[in-house]
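Please read it alongside the sequence and structure shown here.

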Amino acid sequence: PAHIAAAIAAPERSDKDRERDVRDRPAEVMAFAGIRQGMAIADVFGGGGYWTELLARAVGPDGKVSLVNNAPYLHFSREDIKTRFVDAGYFVSHREELARKTGEGLGLGGPRKQFELILRDLMDPVEDAMLGAARELAARSDVVVGHFLAHTAPAAAAEHGRPFVMVALQPVFSSRHYPPAGAPALGRLFNPLLWWLANGVMSGALLPRVNRTRAGCGLGPVRRFVPAELGSPKSVLVAVSPSLFPRPPDWAAGLEVCGFLGLPEAARPWTPEPRVARFLDAGPPVFLSFGSMFALDDRKTMESVEVFAAALALAGARGIVQAPLHVIVRAPKSETVLYVERAPHAELFPRCSAIVHHGGAGTTRSAVLAGKGSVVVPHAADQFYWGDVLFARGVGSRPLLRPALAAKPLAQRI
């Protein structure tokens, strides 16, 4: 059938998958299974997603394919799954170079200096693929929702006449009542000056990119970049708890503080594995992890885990450290430190005494909702904002910047 032939011939498929086609004969298998457009399919024990991707292409935009792995399958297939995201080949083939640049970026110690690095090294190389995906999604969607940095989304929405809703995970919109992330608070008189400078930096970096993607959608250029006006959004949602950040009175209409974005908690209660249960029963430990930051640079991840263990010893505290498995096997061993690869924060954090984390929006949400104090070690982007907010509200220690991470200052904060 034509839809199966088109799925197999898709130019985006990897050379590795095409080599596997010879052995697995996907055209015959999918035809025999009666795969039709619009079907809903569960690819059980699908491993790295070879069949999942083929099936998703075959069922088309009106169908749905779910990849279902248990923990052992996920363990050996996780790296293969990562290669199936939009233009993931770039990130796989440039892994070492990007890890080096990421390490350099983390050493810059401030969001403004990291901004251009993020755009140049992590977004520009896959901009064409992102735009292609955005245009395809916008064409078959009723509404387009996108982060303010995802400048391909509003362009695709405008091309197809779809309403655009902007989402920001931190306040990035000018106000007299607070400064830009990472900047000192200078009061209502001088905060506007800081925003003028910050908007100038964002405009200089993003305006050419915004106009480049607009041109790719057949749209004319815009003359100025204002975050809240990007793509003429129908609404701008700032995903921050109003308890932490009340809506400033000088914001324009349409900017709303909507609260944290969180999925409903699982109906099935969490049952920790026996070793974790025993550790928790002995008393509430400190939780320590830098979450997604641990996926960027293995050397720095190992350094961070070693600092965690030393800081817990100095503080006389017990701790649960969450880290990748290949780091755990080399981590310092101690009866007062338990290492886990994965754990549900919503269930684990209420049983902890404090949370040491990178300040990501999701981890911050879980720590606050659990009622536990945070030690934030911001690495990049909105993490600086979250560290400052938690400290200002009295629910976190003074943030410890990643370049200054060491056992003694971390132990003091714990």
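**Salt bridges and burial**

At 32% relative accessibility, Glu 303 counts as partly exposed, a class lying between buried (under 20% relative accessible area) and exposed (over 50%), with a 1.4 Å probe and protein chains only. The model is predicted: local features need pLDDT of at least 70, side-chain atom pairs count only at pLDDT 80 or more, and totals for chains, interfaces and linings use all residues. Residues are numbered from 1 along each chain as its sequence is written, and side-chain values use heavy atoms, with hydrogens and water left out.

**Charge pairing**

- The whole structure contains 16 salt bridges, each defined as a side-chain nitrogen of Lys or Arg within 4 Å of a carboxyl oxygen of Asp or Glu.
- Shared partners join the salt bridges of Asp 124, Glu 127, Arg 209 and Arg 212 into one network.
- Asp 24 and Arg 20 form a salt bridge of 2.9 Å, N to O. They are separated by about one helical turn because they stand four residues apart in helix α2. Asp 24 is buried at 16% relative accessible area, whereas Arg 20 is partly exposed at 30%.
- Arg 135 bridges to Glu 159, with the closest N and O atoms 2.6 Å apart. This pair links distant parts of the chain, from helix α9 to helix α10, 24 residues apart. Arg 135 is partly exposed at 31%, and Glu 159 is partly exposed at 27%.
- Asp 17, also placed in helix α2, is buried with a relative accessible area of 4%. Beyond its neighbours within four places in sequence, Asp 17 contacts Tyr 50, Glu 53 and Arg 84, contact meaning heavy atoms within 4.5 Å.

**Nonpolar packing**

- The largest nonpolar core has 42 residues, of which Phe 173 and Trp 251 touch the most other members. Such a core is a set of buried Ala, Val, Leu, Ile, Met, Phe, Trp, Tyr and Cys residues joined through side-chain atoms within 4.5 Å.
- Elements that each supply at least two residues of this core include α8 (111–123), β4 (164–168), α11 and α17 (383–392). Helix α11 gives the most, with seven residues.
- Apart from neighbours within four places in sequence, the contacts of Phe 173 include Met 166, Trp 195, Val 236 and Trp 251.
- A second, separate core of 27 residues includes Ala 311, Val 321, Ala 331 and Val 356.

**Backbone geometry**

- Most residues other than glycine have a negative phi.
- Arg 25 has a positive phi near 50°; this residue sits in the loop between α2 (15–24) and α3 (26–33) and is partly exposed at 47%.
- Ser 232 has a positive phi near 45°; Ser 232 lies in the loop between α11 and β5 and is exposed at 62%.

**Cysteines**

- The structure holds zero disulfides, a disulfide being a pair of cysteine sulfur atoms within 2.5 Å.
- Cys 258 is partly exposed at 36% relative accessible area, while Cys 352 is buried at 1%.
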